[in-house]
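Please read the following report alongside the sequence and the three-dimensional model.

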Amino acid sequence: MARGPAGGSARLAALAALARPGSGSWEAGGGGWRLGGPAEAVAEEERCTVERRADLTYAEFMQQYAFLRPVILQGLTDNSRFRALCSRERLLASFGDNVVRLSTANTYSYRKGDSCYTLRILTRGLPSLLADTLYFFGDNNFTEWASLFRHYSPPPFRLLGTTPAYSFGIAGAGSGVPFHWHGPGFSEVIYGRKVLYFPDRWWHATLNLDTSVFISTFLG
């Protein structure tokens, strides 16, 4: 294993424990990924203030959400094939030896680490969650991941003059990103609890309550 920044191996706890038997819980349909863990202590809001919409038309999307506010989208695409390919077993079989770059963002830091860990190493168990929560998102080598991405069906809505770009990742329970903004796009959790459209420069933060396998489509 090539080593990353000093202490990087220890700080992999949240991501590296994703599939350790005997920690967290397991549910049918979870793709072999560990559910629960450190974030189980974080209570979910009883009432989500982001509107949920099924069978949303493109005209409604443009008029009510595209430039105004976020929305949780339901039933737009069928990504069952992509979801099956993102199970722990299938990802490790196809991409276990791929080298991935890790990032961290918590109360104390917001940085990327040039850590040369393989996906297979990241899914092995380490003892505890430490101060920094490193996880894999963005920085995808699209040549290496092309055989997976071609099976993904992104939300069908587009903004005039933009081009979609994918950002794929895996994160442990308790990881996340503090308040920030960027351009518009969609974030779909393949294993986890989030499907969201976010407008341009909409301030938001992310907390992964479970182990999450996700893909974002940025419209730039």
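This is a predicted model: local features need pLDDT of at least 70, side-chain atom pairs count only at pLDDT 80 or more; totals for chains, interfaces and linings use all residues.

Residues are numbered from 1 along each chain as its sequence is written, and side-chain values use heavy atoms, with hydrogens and water left out.

**Overall fold**

The secondary structure of the protein chain comprises six helices and 11 strands, taken as DSSP runs numbered from the N terminus (helices H or I, at least four residues; strands E, at least two). Of its 220 residues, 48% count as buried, where buried means under 20% relative accessible area, exposed over 50%, and partly exposed in between (1.4 Å probe, protein chains only). Among contacts (heavy atoms within 4.5 Å) between residues at least 6 apart in sequence, 71% join residues at least 24 apart. The accessible surface, computed by the Shrake-Rupley method with a 1.4 Å probe and, for residues, only the protein chains shown as cover, comes to about 11200 Å², and 54% of that area belongs to carbon and sulfur atoms.

**Strand 8 and its partners**

Strand 8 (residues 185-191) is mostly covered, with seven of its seven residues buried. Strands are taken to pair if DSSP finds at least two bridges between them. Strand 8 runs antiparallel to strand 9 (residues 195-198), with four bridges joining them, and Ser-187 stands opposite Leu-196 of strand 9. Six bridges join strand 8 to strand 11 (residues 212-219), also in an antiparallel arrangement, and there Phe-186 has Thr-217 as its bridge partner. Ser-212, found in strand 11, is buried at 4% relative accessibility; leaving aside residues up to four places away in sequence, Ser-212 touches Gly-169, Ile-170, Ala-171, Val-189, Tyr-191 and Gly-192.

**Salt bridges**

The structure holds two salt bridges, each defined by a side-chain nitrogen of Lys or Arg within 4 Å of a carboxyl oxygen of Asp or Glu.

| Salt bridge | N to O distance |
|---|---|
| Arg-69 and Glu-51 | 3.6 Å |
| Glu-60 and Arg-53 | 3.3 Å |

Arg-69 is partly exposed, with a relative accessible area of 32%, and Glu-51 is likewise partly exposed at 32%. Glu-60 is partly exposed at 25%, whereas Arg-53, at 16%, counts as buried.

**Surface patch**

Phe-179, Trp-181 and Trp-203 form a nonpolar surface patch with about 410 Å² of accessible area together. Patches are made of residues with over 30% relative accessible area and no salt bridge, with like charges joined within 9 Å and nonpolar side chains (Val, Leu, Ile, Met, Phe, Trp, Tyr) within 5 Å. Phe-179 lies in strand 7 (residues 176-180) and is exposed, with a relative accessible area of 62%.
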